[in-house]
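Me: I would like to go through this chain by question and answer. Please keep the terms defined as they come up.

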Amino acid sequence: MIRSLAVKLTLAFLAVGVTGALLVAVISGQRTRLEFNRFVSQQSGDSVVAVLLLGFYEEHNYSWEGIEQWLKNEPSLSFLSQLVVLADSNQVIIYSPISDQVGRDTVSLELGEGIGVIHDNELVGTAYFMNRIFPDEGLPGFSPESFFLYSVSQATVLAAVIAALLALALGVMLSRALTRPLRDLTTATDEMAAGQLGMQVKTHVQDEIGKLATSFNKMSNDLAEASRLRRQMTADIAHDLRTPLTILRGYTEGLCDGSIQGGQELYDLLHMEVVHLQHLVEDLRTLSLADAGELTLDRRIIDPKALLERTGLAHVVSARQKGIKLRVDAPDTLPSVAVDVERMTQVLDNLVANALQFTSQGEIILSGECRDSTVSLHVTDSGTGIAPEEMDNIFDRFYKVDGSRHRNGQAQSGLGLAIARAIVVAHDGEIRAESTPGKGTRFTILLPKSTI
């Protein structure tokens, strides 16, 4: 299957040109040969005409019956039907291009000298050439040379007209085939402009227009999905903001009307909800900056093992309190990476915090390795793991693995892994996750090693 529109157009134009040329060649060739044979016959003398007519006379039982049909229906001799007047042995005209002359006497018409058709030394007929009868008429058909040129020109014009009609038919078919998907695309874009996202067009070809339709379908799906995610994100933001705001409002109203007495425990609770709100707003700001490509990075050359050790120190106390072993297992020979230390620490902190939250026993390992030009940082736990059907969504915004909303009494916004991915991507890196339910999860950060 041809997948290039340029090739299709080239072949279509070539087909039209070749077809037109073949038509002109075939039609003109046939007519030229016919007219040339006629011309040669005319130029070969009276004897040729006499021989042809005598052949008919002898083949038809020495009769002129059917001479008119023979002259008109025999392609190679059709010129005789326009140039010859034939009289029988009694000089009565039995055939003439001028139908009014049939049945008249040649003497009364003063046809002049004719060509005798002799059979067994007996005159059986006489042929007269029209150009000799009417030498001053100036009719192109009555001059062998001019009739030959006229017929050839007529055949060429006919071939050109047929070729033009064929080219027009092919052009119409081609234009319809090309414009059909374009019309479908136009209709779909108009409907999308009216708010109907997710419109699809059928793709029957794999050329440039087919690729355009495929790209349009993907764009339409992406826009529909983005619109759905935007609505979902708005609902999730409203939900995550409503809970702490409701708590704050309830307690502040109680403090205002005196139904609740202030105390350290209450103030700590109010402070925790405010901090939660602050973190949520900061997370949203980080994501908006990443989406706009304006997430600023203060890159510095650093040893990846130092990043892992810094993260381990930050969480070692929390791990010890839960009875979980937290260790760093990375070689000293890891190549340096150019990263924003604070941002990358934020990513690792988030991964370790998630590991602590979903691990009740066992250990959490922070490791690293180098392959080719990439440095890999791993956070591996022995926790509950993630179900396979949830693996494709864990990096989505506001997505929360089942049971994580109120686990251990901690409020979760569902933005942590989305922010982690945005930060890693901003470093020209990649983040992946592997998990086996009941055995644990492993997050991998791939970063390009520093060239400095």
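**Buried and exposed residues**

Reply: Thr-286 is buried, at a relative accessible area of 3%, where buried means under 20%, exposed over 50% and partly exposed in between, with a 1.4 Å probe and protein chains only. This is a predicted model, in which local features need pLDDT of at least 70, side-chain atom pairs count only at pLDDT 80 or more, and totals for chains, interfaces and linings use all residues. Residues are numbered from 1 along each chain as its sequence is written, and side-chain values use heavy atoms, with hydrogens and water left out.

Me: In which helix is the place of Thr-286?
Reply: Helices (H or I, at least four residues) and strands (E, at least two) are DSSP runs, numbered from the N terminus. By that numbering, the helix that holds Thr-286 is H9.

Me: Which residues is Thr-286 in contact with, leaving aside its neighbours within four places in sequence?
Reply: Contact means heavy atoms within 4.5 Å. With the neighbours within four places set aside, Thr-286 is in contact with Leu-295, Arg-343 and Ile-419.

Me: How many helices and strands does the chain have?
Reply: The chain has 452 residues, and 35% of them are buried. Its secondary structure comes to 12 helices and 11 strands.

Me: Which residues does Leu-351 touch, not counting residues up to four places away in sequence?
Reply: Leu-351 is one of the residues with the most contacts inside the largest core. Beyond four places in sequence, Leu-351 touches Val-379, Leu-417, Ile-431, Phe-443 and Ile-445.

Me: How many residues are in the other core, which lies apart?
Reply: Among the members of that other core are Leu-71, Leu-83, Ile-115 and Phe-129. Its size is 19 residues.

Me: Is Asn-61 buried or exposed?
Reply: Asn-61 is found in the loop between helix H2 (46-59) and helix H3 (67-73). Its phi is near 55 degrees, a positive value in a residue other than glycine. Because its relative accessibility is 65%, Asn-61 counts as exposed.

Me: What is the relative accessibility of Asp-428?
Reply: Asp-428 lies in the loop between H12 and strand S10 (430-436). Phi of Asp-428 is near 60 degrees, a positive value in a residue other than glycine. Asp-428 counts as exposed because its relative accessibility is 60%.

Me: Is Leu-22 buried or exposed?
Reply: Leu-22 is found in helix H1 (residues 5-43). With a relative accessible area of 51%, Leu-22 is exposed.

Me: How many disulfides does a search of the whole structure find?
Reply: A disulfide is a pair of cysteine sulfur atoms within 2.5 Å. Cys-256 counts as exposed at 70% relative accessibility, and Cys-370 is partly exposed at 34%. Over the whole structure, the number of disulfides found is zero.

Conventions: Core = buried A, V, L, I, M, F, W, Y, C linked by side-chain atoms within 4.5 Å.
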